[in-house]
Amino acid sequence: LELGPGLNKFRDCLDMTWCTAPFTEDLEYLPPDDVPDKDLHCSVCLGWPVDPVVLACPGGHMFCRRCVAGPLCPLDRQPYARFSPPQRPILSVLGRLLVRCPDAKMGCTWTGPRCNVEDHRGQCQFAEQLCTVCGIRMRASDPGFLDHCHVLDYPAATATGNTPATANKQSVTSEESLPEERSRRLEAISRVIDIYEEAERLNVCFLVDCTGSMGSHIRAVKSQIQWIVHEMRARLPSMNLHLSFVGYRDHCDDERILSLPFTRSVTDFRHFVSNIVATGGGGDGPEDVHGGLEQALELDWAVGGAATRVLIHIADFPAHGSTYNDCSRDSYPNGDPRGLHLESLVQQLRDLSVQYIFGHLTGHTEKMVRVLNETLGDYIDSKDMANVELVAEVVTASLHSSVVSTVSTLTSSPAAEEPEVLLSDALPDWQQQVSDEVTLRECHVREMSDLFVGADPELTRHMLETSARVRMAPLPFSQGETRVARHALHGEMPAIVKHFKRVAEDEDAFCNIDAHLALTEASAVARFLAQSFSATRSADEQVRFLSSATATGENVVPFNMEDALPAAEFQRFSNNIGWWEPGAPKTLMEFTRFTHEATKGHMMIVDLQGVQTEDGWLLTDPCVLCEDVERFGSGNMGPHAMDRCLAALRVRLDESPPQPGQGSSSAAPAPAPWRPPQTQAITPEQSNLHLDPMIDQLLGQHPPGKLIQLPEDQLKALLRVARDTLLRQPTLLELQAPLNIIGDTHGQYSDLLRLFDAGGLPPSANYLLLGDYVDRGKQSVEVISLLLAFKVKYPENMFLLRGNHECASITRIYGFYDECKRRYNIKLWKQFCDTFNCLPAAALVDNSVLCMHGGLSPELNNFDSIRNLPRPCDVPDTGLLCDLLWSDPDKDISGWVENDRGVSYMFGADALQMSMRSLGVDLVVRAHQVVEDGYEFFAQRRLVTIFSAPNYAGEFDNVAALMNISDDLQCSFKILKAEKQKERKKSLLSMVGLSSS
């Protein structure tokens with residue numbers, strides 16, 4: 001785009017400050033008439049719900065924000081709960097509904113999922129644009145749109161150190177031009193970086209077989225996606241990533257296809273995948289691969305302007321049809337029953353420029369991939385993903401390779417043919433080679449200030465000239481994009497010489513001594529900064545660069561010469577636009593950042609490559625990024641490249657990468673299943689724990705609500721002994737009746753004492769508590785301390801299960817952290833959390849009654865799965881332990897659905913009955929929910945919820961319950977009514993022997 005003589009549109013000089021103007025009208029939806037379960041509507045206006053704020057009321061109604069008035073449902077006048085922002089499950093459904101472009105009236109014909117509207121408008125030529133400098137609104141088709149711009153005031157380098165990022169903006173009022181050479185250089189840089197940033201716009205769809213055998217890989221995708229995204233952000237500094245998920249089962253399954261449109265939200269992606277249960281598949285081996293690919297083709301692959309589009313297909317069985325499988329049983333041996341053709345579907349993906357990566361799990365899929373590749377010319381790239389622990393690494397490496405492939409495609413030019421270069425790694429007979437006399441010019445840097453902005457560029461070009469004789473191999477042994485390398489002898493020392501390739505249309509570059517001198521200067525700057533950096537590092541973290549000299553002579557073309565690297569594996573660690581190779585040493589990243597800081601942001605050493613030595617790294621051929629783009633040769637990509645490198649370094653060095661769940665081998669190994677300690681038990685005496693005085697102090701005569709301040713050293717000793725005691729008992733406790741069971745107590749210490757008064761103190765009575773001892777109430781320390789003291793003193797009479805609040809992340813929010821910090825210190829809170837990580841997860845009473853805090857899990861197939869849970873461990877956000885602590889029953893659903901809490905599941909009576917049948921139990925006892933009467937049955941008394949905190953948090957009128965299981969397994973309940981404040985105080989004072997006066 002020509003804006004005036006000599007003034008071109010390039011990134012470092014012009015700032016086209018357009019952004020897409022927000023739209024104000026409601027979206028026009030395309031009703032999914034064939035998908036009744038997605039046919040949502042507002043219960044008041046009967047339209048598609050816009051900006052929903054109400055998830056549900058007692059009648060199950062949902063409303064638009066504009067239709068909500070007052071605290072009562074307008075249909076049945078019952079109170080409802082508001083959720084602002086709306087809860088994720090309803091937004092996830094709404095995001096999948098099809099809408100028209102808001103600018104359809106202007107001529108745009110786009111339709112797509114609601115969640116992709118903003119991404120589409122960023123590319124839509126009909127969308128109204130807003131200038132962030134002057135506020136004018138225009139469309140791309142309006143006259144004068146292309147001429148409206150603002151130019152950056154980009155002065156020559158001065159001591160003020162202004163860069164394009166900090167420069168002032170001013171309108172174009174004249175046709176002042178930049179120097180012609182600088183303009184061409186900036187344009188060339190802009191073209192290169194544009195290509196990389198276009199390639200870094202990435203759309204990735206996971207196409208996954210969701211039948212019964214694929215549970216571990218579905219969980220792997222969900223648990224490892226955050227690590228994958230973090231790693232890709234570290235590799236691709238300007239990555240714009242959209243994720244999609246398409247799951248498929250088989251034709252006999254009720255829910256055959258599951259689809260999430262492309263979304264930027266990793267959280268939405270994880271929530272969608274966590275709601276998928278591996279089930280179904282029929283009785284044969286093949287699955288509905290055709291249907292999965294058909295759904296993948298319906299995705300908006302162009303969303304976000306993605307140049308790199310990748311389908312990652314993970315499956316253990318092939319498509320229907322004997323053409324694609326050798327399975328002994330196939331319900332549709334003639335192919336897809338709907339008449340779809342696999343080759344045609346895959347070819348359509350290829351036509352959309354989608355790169356197809358197949359995750360190979362078993363040998364069953366080999367024939368399908370082979371047949372498709374024979375037909376389509378090796379289009380599918382097969383990767384081994386059988387090991388779920390390596391899925392993250394394989395996916396990340398594949399995505400990076402896909403981006404590299406996109407860059408290669410975008411930079412390839414059919415008209416330009418690469419000159420053929422003959423290579424040979426053989427060392428010649430040096431006595432037969434001609435010895436040429438050359439003049440060597442080597443640069444030296446004297447002071448750090450010579451590298452600051454405003455310093456005279458000649459200061460880094462101090463030349464030291466020497467004469468030498470050089471013998472060169474007749475053929476190069478290696479080549480890069482612009483240069484070739486040959487073995488050589490410098491005197492009698494092995495050396496490497498590098499010269500530019502001879503290109504017919506650019507013969508001058510072949511003999512251009514200035515280009516060689518620029519590389520020599522870059523090497524000198526890198527060597528000087530490496531010396532400064534290494535002076536601050538240990539002896540085994542030294543960074544060094546080979547010295548590079550420019551050689552000229554009568555009988556040779558100019559070349560660069562340096563000593564040969566020692567014999568070791570040559571590695572490339574980074575490039576000059578912010579890409580770092582996986583496994584690049586942290587020290588080298590810190591070196592690159594150091595060079596930017598040491599030169600006050602004026603320069604940065606990148607494109608690190610070389611070998612590792614005993615004392616660190618010996619590197620060669622560095623690039624210097626500099627604000628002055630006319631220095632240091634063609635590898636200097638200027639300030640924008642520096643910004644990209646800094647962004648990558650921030651991810652690598654400053655952010656803590658998320659744990660890859662069952663992720664990569666680079667992560668810490670997964671905790672081992674619980675095994676009893678092999679060491680001697682820790683006794684109270686060994687820990688200097690005075691247990692009886694502590695229990696006496698806790699049970700002593702105290703006014704209700706008065707804090708009991710136990711000595712900190714005694715609490716620490718109690719936690720040490722309790723932790724050891726808990727770990728000596730299994731994760732699944734196997735108990736015998738008679739037994740008292742208590743639900744949530746939540747720091748209500750005086751009510752805990754009333755429960756013990758009703759059921760008797762141990763050891764005269766046996767107790768099982770179901771968790772949630774802390775948070776909400778004001779005396780969580782007293783509650784958990786008394787329970788742990790009883791556990792240590794009577795380990796076979798007092799049993800404590802883990803609740804969802806016995807977790808660092810939850811107690812940090814809901815009160816226990818603040819209580820510990822206020823009354824003791826944070827270190828003690830951490831020690832409590834360490835003990836919580838050792839609590840068992842469930843209990844089985846007389847092989848008939850299964851007890852836990854939360855509920856069942858779709859992963860609970862047998863009791864060994866509980867027994868093998870690792871301890872100590874934190875509560876994961878998915879999986880069996882998470883479900884045992886978080887899941888809930890729901891009478892209005894069937895099967896398993898995503899929990900409204902945002903974690904784990906809700907299960908219906910049918911799922912409960914199926915699980916009980918497979919486990920062989922008669923009753924499930926759990927807590928976790930406030931129930932008005934202290935206990936509440938579910939599913940014809942197959943499950944009972946116990947809640948033991950009366951007048952919970954002072955906000956509910958619930959009573960508390962204590963459940964007793966007798967010797968003959970008869971269940972009964974003792975009720976503690978919620979007392980009014982004065983009666984409550986009088987009762988508690990009487991219980992501890994005090995007067996209420």
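Okay, ground rules. The model is predicted, so local features need pLDDT of at least 70 and side-chain atom pairs count only at pLDDT 80 or more, while totals for chains, interfaces and linings use all residues. Residues are numbered from 1 along each chain as its sequence is written, and side-chain values use heavy atoms, with hydrogens and water left out.

The overview: the protein has 24 helices and 45 strands, taken as DSSP runs numbered from the N terminus (helices are H or I, at least four residues; strands are E, at least two). Of its 997 residues, 52% count as buried; buried is under 20% relative accessible area, exposed over 50%, partly exposed in between, with a 1.4 Å probe and protein chains only. Among contacts with a separation of 6 or more, 69% come from residues 24 or more positions apart, a contact being heavy atoms within 4.5 Å.

On to salt bridges. There are 40, counted when a side-chain nitrogen of Lys or Arg is within 4 Å of a carboxyl oxygen of Asp or Glu. Take Asp-877 and Arg-270, at 2.6 Å, N to O. This pair links distant parts of the chain, 607 residues apart: Asp-877 sits in the loop between helix H21 and helix H22, Arg-270 in helix H5. Asp-877 is partly exposed at 39%, whereas Arg-270 is buried at 13%.

Another one is Lys-793 with Asp-692, closest N and O atoms 2.8 Å apart.

Now look at helix H15. Lys-716 and Glu-712 meet in a salt bridge at 3.2 Å, and being 4 residues apart in that helix, they are separated by about one helical turn. Further along H15 you'll find Thr-725, buried at 13%. A polar atom of the Thr-725 side chain lies 2.9 Å from the backbone oxygen of Val-721. Leaving out residues up to four places away in sequence, Thr-725 touches Lys-791, Val-792 and Pro-795.

Last, the cysteines. How many disulfides does the count come to? It's 0, with a disulfide meaning a pair of cysteine sulfur atoms within 2.5 Å. For Cys-645, the nearest cysteine sulfur is that of Cys-623, 9.9 Å away. Cys-645 is buried, at 2% relative accessibility, and Cys-131 is buried at 2% too.

How values were computed
A polar contact is a pair of N or O atoms within 3.5 Å; within protein, one must be able to donate a hydrogen and the other to accept it, and residues adjacent in sequence count only if both atoms are side-chain atoms.
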